[in-house]
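Here is a protein chain to explore. Look at the sequence and the model before reading on.

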Amino acid sequence: MAAERRRKQDTLELRRRLIGSSCRLFFSEDPVKIVRGRGQYVYDEEGAEYLDCINNVAHVGHCHPLVVKAAHQQNRVLNTNSRYLHDNMVDYAQRLSETLPKELCVFYFLNSGSEANDLALRLARQYTGHRDVVVLDHAYHGHLSSLIDISPYKFRSLEGQQEWVHVAPLPDTYRGLYREEHPDPAAAYAQEVKRLVDGAHEKGRKIAAFFIESLPSVGGQIIPPAGYFQKVAEHIRGAGGVFVADEIQVGFGRVGQHFWAFQLQGKDFVPDIVTMGKPIGNGHPIACVATTQAIAAAFAATGVEYFNTFGGNPVSCAVGLAVLEVLEQEKLQQHAAHVGGFLMELLHQQKVKHPIIGDVRGVGLFVGVDLIADVEGRTPATKEADCLVSRLKTDYILLSTDGPGRNVLKFKPPMCFSTDDAKRVVAKIDQILTDMEQEMRSCETLRRGWQ
Ligand SMILES: Cc1ncc(COP(=O)(O)O)c(C=O)c1O
């Protein structure tokens, strides 16, 4: 067992004293101290095992031995910046290119998802000569100043929206503007983007890019209707802008049917820029931007060097290569399709049983369970979702919520998550919801008794 240097309470006190309070803890009332991880499990200081249903960074499993070994072996030989020739960087770019449409054939390596999106913004602006950005409501694209500006999830509670940012409605067919009964929600939501583009043009503004998470996760585990990306791209490219697919949470085979989530939209769709992060290094800080020759050439034409001290170093690239190797060897993309399908089936059975479950949606190991307080209004059941997640924690299951109403249970576990894990977590959810319903009935009886 990994050695614990301090008692949990001491760690907590030191953290409160030394670390900025805006760096928040999960379960702040009673945080979990994790000292070790393996596969889809993490272990606390007393050796208790938690099933991790949310860590999409530990993509091929916490501390996967092949990934750890690759980092260690390269660390022993050399780590330096990318101004020297090294095979790892080109081997890695080549392997990544094999997963992408052929147009996306130029790569930049960085250290975080935020850096990747910030570079995507620079590329888009340089290529188009335009400044404005269209983003989805509730989106999050990173913590740099440039990205807070294009993340309504953040800027709504700060100083507000910049004049160069235009916010389109989430293409949410469950709770959004156009729902499941709409004959063509893809076209209707894309038309909203067109409306924003036209509005910007009327003010003399010009669109540089449309940023979208290929499956909006912070927005509430949303699955955009098929064809939406193609139609939006038509409007954006028609205005001279580029389409940026943020695959930072959802890429690398998580969706099962495809390696990249944007491919769910159809074979005919190719973004202009794809950004990658989180799962790319299984916990090691790597990120990547893939784009077209034309966009890269426009960026190079400035004559300004792009230098990133750690981006693309031999150790990071060895780790990235190992992640791809494990995905392939262990057939984790196919596994995600199988286990994700099984999990969805179990959750659909729960939906029939518990009226609080308004919607179950997902693809592969990206699944959302939308909890509602009433069927008619589909009002987010925020308190109940929070309560469910807390109770799961006491049963050693880590799950969390997302969405504007913080009522959507989000599943995005390490890709080695098994059908047994799915059975275990769904059985627990069933038990907790049954208990909650029982408690609500007792309260209702009591309330009636008082009247
Ligand atoms: C969709 C998306 N894009 C970008 C980022 C930023 O990535 P990072 O935290 O690695 O900077 C995040 C992080 O949560 C994210 O979820």
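Predicted model: local features only at pLDDT ≥ 70, side-chain atom pairs only at ≥ 80, totals over all residues.

Residues are numbered from 1 along each chain as its sequence is written, and side-chain values use heavy atoms, with hydrogens and water left out.

## Two domains

The domain assignment gives domain 1 (8-63 + 331-447) and domain 2 (65-330). Such bounds come from an automatic or database domain assignment. The C-alpha centres of domain 1 and domain 2 lie 26 Å apart. Domain 1 brings 39 residues to the contact, and domain 2 brings 39 residues. Here, contact means heavy atoms within 4.5 Å.

Together, domain 1 and domain 2 bury about 3200 Å² between them. Of this area, 54% is on carbon and sulfur atoms. Buried area is the accessible area (1.4 Å probe) that two parts lose on being put together, summed over both. Three residues stand out on the domain 1 side: Gln-333, Phe-366 and Arg-378 supply 24% of the area that domain 1 buries against domain 2, more than any other three residues.

Polar links also cross between the domains. There are 24 residue pairs in polar contact between domain 1 and domain 2, both residues being at pLDDT 80 or more. A polar contact is a pair of N or O atoms within 3.5 Å; within protein, one must be able to donate a hydrogen and the other to accept it, and residues adjacent in sequence count only if both atoms are side-chain atoms. On the side of domain 1 that touches domain 2, the elements giving two or more residues are helix H11 (332-353), strand E11 (357-363), strand E12 (366-371) and strand E15 (408-411). Helices (H or I, at least four residues) and strands (E, at least two) are DSSP runs, numbered from the N terminus.

## Nonpolar cores

In soluble globular proteins, nonpolar side chains tend to be buried together. A nonpolar core is a set of buried Ala, Val, Leu, Ile, Met, Phe, Trp, Tyr and Cys residues joined through side-chain atoms within 4.5 Å. Buried means under 20% relative accessible area, exposed means over 50%, and partly exposed lies in between (1.4 Å probe, protein chains only).

Which residues touch the most other members of the largest nonpolar core? They are Phe-210, Tyr-228, Met-276 and Phe-411, out of 98 residues. Helix H10 (residues 314-329) gives the most to this core, with nine residues. The core draws at least three residues from each of domain 1 and domain 2.

Take Met-276. Beyond its neighbours within four places in sequence, Met-276 is in contact with residues including Leu-96, Phe-252, Trp-260 and Cys-288. A second, separate core has 28 residues, among them Leu-123, Trp-164, Val-289 and Ala-296.

## Helix H8

Tyr-228 also belongs to helix H8 (residues 228-238), as one of its buried residues. Others include Phe-229, Val-232 and Ile-236. The buried residues of H8 pack against strand E5 (132-136), H7, strand E7 (207-213) and strand E8 (242-246). Just after H8, Gly-240 takes a positive phi of about 90°.

## Salt bridges

Side chains of opposite charge can pair when their charged atoms come close. A salt bridge is a side-chain nitrogen of Lys or Arg within 4 Å of a carboxyl oxygen of Asp or Glu. The structure holds 23 salt bridges. Between domain 1 and domain 2 the count is two.

| Salt bridge | N to O distance |
|---|---|
| Arg-95 and Glu-325 | 3.6 Å |
| Arg-175 and Asp-370 | 2.6 Å |
| Arg-361 and Asp-370 | 2.9 Å |

Arg-95 sits in helix H3 (residues 87-97) and Glu-325 in helix H10, 230 residues apart. Arg-95 is partly exposed at 21% relative accessibility, and Glu-325 is partly exposed at 35%. Arg-175 lies in the loop between strand E6 (165-168) and helix H7 (185-202) and Asp-370 in strand E12, so this pair ties together parts 195 residues apart in sequence. Arg-175 is partly exposed at 22%, but Asp-370 is buried at 0%. Arg-361 is buried too, at 10%. Salt bridges that share partners join Arg-95, Glu-98, Glu-325 and Glu-328 into one network.

## Lys-33

Is Lys-33 buried or exposed? Lys-33 is buried, with a relative accessible area of 15%. Lys-33 is found in the loop between helix H1 (8-18) and strand E1 (34-38).
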